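Biologist: I am new to this structure. Please take one part of it and go through that part closely.

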Amino acid sequence: MAQEIVAGDLPLKRPREEEENGVSVAMDTEGKKEPESISTVIPGWFSEISPMWPGEAHSLKVEKILFQGKSDYQNVMVFQSSTYGKVLVLDGVIQLTERDECAYQEMITHLPLCSIPNPKKVLVIGGGDGGVLREVSRHSSVEQIDICEIDKMVVEVSKQYFPDVAIGYQDPRVKLHIGDGVAFLKAVPEGTYDAVIVDSSDPIGPAQELFEKPFFESVARALRPGGVVCTQAESIWLHMHIIEDIVSNCRQIFKGSVNYAWTTVPTYPSGVIGFMLCSTEGPSVDFKHPVNPIDSNDNNISKRPLKFYNSEIHTAAFCLPSFARKVIDAKAK
């Protein structure tokens, strides 16, 4: 049973600091060194610290911690920041903020769905906050939206603290499956979906399998001919080694189009995040030139107009800086 969610003030604990090789190291209340991959709240500030981006940290001023809990899979926290609204944190890593979530949710959804005509069946892996569901609901051609999220607590916390994001769950086309996305995909009949959107966290912890070759093979099997996948694919400033592996795997598996795109999200490490967009063999897909404009009547469950995505930024998202293009193009050969 998921933990009951209770809002309220929680004290900001000041971690103990001890000198280790001349460096100040955060300690927990029992004097044990805190895990390097778990960020901590020091008085008044949240700093995101991880081996995924060594030597740097991004900090937000904390007004109040609204929720802290530990699910079967990860630590979950919600806090009120002074400049970005409420913030959802999983295992010490910011997943979304109210201020800039639109740049991620809209792009990871509409880059694939606007690249194919009349998508009808869509699968979301991860994305327990519901933001991708909210964006998929803008597409009136969609008849079925399945979401497989491993952590029930993320869904419940999001519904309570981020109702404008989790409103996506109110779409009657949505069916929620709590469980492992890898296992879910293996059980899906071949050619079921027009689009699969993988809204995963970083490739450590419960999301690690979502970046590996067998997972991409399962995605390709679940897609119809000419079907598309869009998966979170890390930052060109921090993770080119990971991106190289993703591109290499996808070019072996997906026989249609394989492209890398990116967007700006201020509260993600380095301020940018990327997406891998691939299509299976079949009707050709040109991701750089959208063919399926979003319904002009804002046909989505929240009735909120788009804040970030438009057709021009869709095309621009595939323009890569020279250093990234050189590496990604090399993997195409």
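Modeller: Buried means under 20% relative accessible area, exposed over 50%, and partly exposed in between, with a 1.4 Å probe and protein chains only. This is a predicted model, in which local features need pLDDT of at least 70, side-chain atom pairs count only at pLDDT 80 or more, and totals for chains, interfaces and linings use all residues. Residues are numbered from 1 along each chain as its sequence is written, and side-chain values use heavy atoms, leaving out hydrogens and water.

Glu 48 counts as buried, because its relative accessibility is 1%. Glu 48 belongs to strand E4, residues 45-48; strands (E, at least two residues) and helices (H or I, at least four) are DSSP runs numbered from the N terminus. The Glu 48 side chain reaches the backbone nitrogen of Ile 94 at 2.4 Å; a polar contact is a pair of N or O atoms within 3.5 Å, where within protein one must be able to donate a hydrogen and the other to accept it, and residues adjacent in sequence count only if both atoms are side-chain atoms. Between Glu 48 and Thr 267 there are 219 residues in sequence, but the C-alpha to C-alpha separation is 9.7 Å.

Next comes a sheet. Strand E14 and strand E15 (residues 272-279) pair in the antiparallel sense over seven bridges, where pairing needs at least two DSSP bridges. Thr 263 stands opposite Ile 273 in E15. The open sheet has seven strands in the order E11-E10-E9-E12-E13-E15-E14, with mixed pairing. E11 (174-178) and E14 (258-264) are at its edges with a single partner strand each, so one side of each lacks a neighbour in the sheet.
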